[in-house]
Amino acid sequence: MPLNIPILLTWLRVALIPLVVGLFYLPSDWMSLQDRNLAATSVFIVAAITDWFDGFLARRWNETSAFGAFLDPVADKLMVAVALLVLVQLDRVDAIIAGIIIGREITISALREWMAQIGATRSVAVSSIGKIKTAAQMTAIPMLLFHDRLFGIDIHFWGEYLLWIAGVLTVWSMFYYLRRAWPLIKEKAGPI
């Protein structure tokens, strides 16, 4: 396993995931719910920034690796899935939208793994739809973790709105990837 700054940033993102969850289990006499919301939002934002920064540094310093390419999306998917589960438990996100987003992530990860095994990873390379979906998710989740007004704006309302947009883009991008991979799936699956 190579060890460099981009991979360390990815590991930091993985390490921050339990911190986001743990903040909501602190006793209320240690930290008010509003303070926990702010702390969890801050930790999630730091983790999201490391997602952008580790990729930027890996490309800039030419420190890309197969392990980094594997670990980065795993860290992203764990971060999103765990945050959504926390938000469902806090009754801030509908379980249906969380299930759609998490289900898509598992489906596309499995599809990418299978496509890599048959040497066709380019068929399911990240698309612009997927990038917009990720941006909507990574903006919505901290808004839902914050769960308060900011400068008079109902952040939770806008977070829900963005998460539903992310949900629609999630389904759209899943069908996009499946449609691109379908000819190879049919070819490799053979007659049924």
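Predicted model: local features only at pLDDT ≥ 70, side-chain atom pairs only at ≥ 80, totals over all residues.
Buried here means under 20% relative accessible area, exposed means over 50%, and partly exposed is anything in between (1.4 Å probe, protein chains only). Residues are numbered from 1 along each chain as its sequence is written, and side-chain values use heavy atoms, with hydrogens and water left out.

**Nonpolar cores**

- A nonpolar core is a set of buried Ala, Val, Leu, Ile, Met, Phe, Trp, Tyr and Cys residues joined through side-chain atoms within 4.5 Å.
- The largest one has 28 residues, and Phe44, Leu84, Val93, Ile141, Leu145 and Leu163 touch the most other members.
- Two or more residues each come from α1 (5-23), α2 (33-60), α3 (66-89), α4 (95-117) and α5 (128-146); helices (H or I, at least four residues) and strands (E, at least two) are DSSP runs, numbered from the N terminus.
- Helix α3 gives this core its largest share, seven residues.
- Phe44 has contacts (heavy atoms within 4.5 Å) with Val20, Met79, Ala83, Met138, Ile141, Pro142 and Leu145, leaving out residues up to four places away in sequence.
- There's also a second, separate core of seven residues, with Ile108, Leu111, Met115 and Met174 among them.

**Thr41 in helix α2**

- Thr41 sits in helix α2.
- Beyond its neighbours within four places in sequence, Thr41 is in contact with Pro142, Leu145 and Phe146.
- A polar atom of the Thr41 side chain lies 3.0 Å from the backbone nitrogen of Phe146.

**Salt bridges**

- The whole structure has seven salt bridges, each being a side-chain nitrogen of Lys or Arg within 4 Å of a carboxyl oxygen of Asp or Glu.
- One of them pairs Asp76 with Arg13 (3.1 Å, N to O). Asp76 is in helix α3 and Arg13 in helix α1, so this pair ties together parts that are 63 residues apart in sequence.
- Asp76 and Arg13 are both buried.
- Arg104 bridges to Glu105, with the closest N and O atoms 3.2 Å apart, and both residues are buried.
- Glu105 also meets Lys133 in a salt bridge (2.7 Å, N to O). Since Glu105 is in helix α4 and Lys133 in helix α5, the pair ties together parts that are 28 residues apart in sequence.
- The relative accessible area is 7% for Glu105 and 3% for Lys133.
- Elsewhere, salt bridges that share partners link Arg13, Asp51, Asp54, Asp72 and Asp76 into one network.
- Asp51 belongs to helix α2 and is buried, at 16% relative accessible area.
- Asp51 touches Arg13, Asp72, Asp76 and Met138, again not counting residues up to four places away in sequence.

**Nonpolar surface patch**

- Leu150, Phe151, Ile153, Phe157, Trp158, Tyr161 and Ile165 make a nonpolar surface patch of about 740 Å².
- Patches are made of residues with over 30% relative accessible area and no salt bridge, with like charges joined within 9 Å and nonpolar side chains (Val, Leu, Ile, Met, Phe, Trp, Tyr) within 5 Å; the accessible areas come from the Shrake-Rupley method with a 1.4 Å probe, and for residues only the protein chains shown count as cover.
- Helix α6 (residues 155-189) supplies the largest share of the patch, four residues.
- Ile153 is in strand β2 (residues 153-154) and counts as partly exposed at 42% relative accessibility.

Conventions. Polar contact = N/O pair within 3.5 Å; in protein donor to acceptor, adjacent residues only side chain to side chain.
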